[in-house]
Amino acid sequence: MNGSTWVAPKVPVLYSVLTTGENATDARVYGPNTNSFILEYGQVVEIILNNADAGKHPFHLHGHDFQVLARGEENAGYNFTSDDALTGVNVPSIPMRRDTFWVKPQSYFVIRFRSFNPGVWLWHCHLEWHVASGLIATFIEAPLELQKNLTVPQNHFDTCRAGKVLTSGNAAGNTVDVFDLKGVPTSPAPLPNGFTARGIVALVFSCISAFLGMAVIAWYGSKEIGTSKLVAGNKKHGEDIIAKESSDSLLVDQIR
Ligand SMILES: [Cu+2]
């Protein structure tokens with residue numbers, strides 16, 4: 001999302017909100033890979049989701065039933081900004097409300113909600129493997145209101161302690177300087193363009209082993225079949241076969 005892969009921070013965002021005081025309103029506290037957006041209390045929030053992918057994605061927002069203002073048809077384009085996404089669109093006077101809405105391939109949609117629900121809310125594709133691969137943003141709604149009104153039950157802290165999850169400080173678990181993000185979890189680098197040296201070596205050896213394998217099969221397959229001669233010319237082998245046949249028929253008789 002926005003060129004960033006979501007990666008879980010060392011401290012869950014909710015606990016960072018509750019333990020960083022006034023700095024909780026600064027998105028940097030939550031690290032470079034949580035895609036965090038700070039929403040003030042009572043704003044009208046508009047999201048334009050542009051989908052550059054050729055697949056559909058059902059997007060889900062926690063904490064709200066948003067209003068759906070517009071959704072582009074398939075291949076309608078995916079470079080919309082707030083000015084042009086609603087151009088020529090008849091926004092319904094009573095928009096439908098959803099908590100999940102799918103964006104069409106290489107297209108967009110526009111939704112709105114009011115930020116009257118302080119909390120930490122994920123915005124993510126609801127195909128779970130897209131969640132696992134990081135197609136997520138985080139809305140941190142009215143963090144200072146949240147600090148005043150939320151009490152976390154003790155058993156939540158107990159669970160975190162048991163799972164060795166930190167519960168205070170910034171995304172890196174730093175409680176002294178919340179803008180020091182040393183050691184924060186980050187996403188892997190994007191795939192390199194073209195082939196790397198390791199890739200070329202792997203490809204060369206794969207090709208060599210493939211040709212060797214084919215050569216062995218060709219060599220083996222072009223050999224004369226000689227086993228029938230051996231059986232016919234060798235009494236011992238012939239006896240073996242007869243013995244085997246008779247014991248098989250014995251076995252069959254016994255089963256009958
Ligand atoms: Cu998806």
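Colleague: What makes you call helix H4 hardly covered?

Modeller: Helix H4 spans residues 154-162, and to be buried a residue must have 20 or more other C-beta atoms within 10 Å of its own. The count of buried residues among the nine residues of H4 is zero, and therefore the helix is called hardly covered.

Colleague: How do you know how well strand E7 is covered?

Modeller: The cut-off of 20 or more other C-beta atoms within 10 Å applies here too, and five of the seven residues of E7 reach it, so this strand is described as mostly covered. Over the protein, which has 256 residues, 23% count as buried.

Colleague: What makes E2 and E7 a pair of strands, and in which sense do they run?

Modeller: At least two bridges are needed for a pair, and E2 and E7, the latter at residues 108-114, have seven bridges in the antiparallel sense, so they qualify. Isoleucine 48 has valine 110 in E7 as its bridge partner, while isoleucine 47 stands opposite isoleucine 111 in E7. Isoleucine 111 is also the bridge partner of valine 68, and E4 and E7 run antiparallel, joined by four bridges.

Colleague: What makes a set of residues the largest nonpolar core here, and which of its residues touch the most other members?

Modeller: Its members are buried nonpolar residues joined through C-beta atoms within 7 Å, and the set has 38 residues. Those that touch the most other members are Val17, Tyr108, Phe109, Val110, Ile111, Trp123 and Ala171. At least two residues each come from helix H1 (13-19), strand E3 (57-61), strand E4 (66-71), E7, strand E8 (119-125) and E9, and the largest share, five residues, comes from E7. In soluble globular proteins, nonpolar side chains tend to be buried together.

Colleague: Which residues does alanine 171 touch, not counting residues up to four places away in sequence?

Modeller: Among them are Pro9, Lys10, Val11, Val29, Tyr30, Leu181 and Val184.

Colleague: How do you know how far to trust the coordinates?

Modeller: The protein averages a pLDDT of 89, and 88% of the residues score at least 70. Over residues 242-253, however, the pLDDT is below 50, and beyond near neighbours in sequence this stretch has zero contacts in the model. Where pLDDT is low, the predicted coordinates should not be read in detail.

Key:
Residues are numbered from 1 along each chain as its sequence is written. This is a predicted model: local features need pLDDT of at least 70, side-chain atom pairs count only at pLDDT 80 or more; totals for chains, interfaces and linings use all residues. pLDDT is the predictor's confidence in each residue, from 0 to 100. Two residues are in contact if their C-beta atoms, placed from the backbone, lie within 7 Å. A residue is buried if 20 or more other C-beta atoms lie within 10 Å of its own, exposed if 12 or fewer, and partly exposed in between; C-beta atoms are placed from the backbone.
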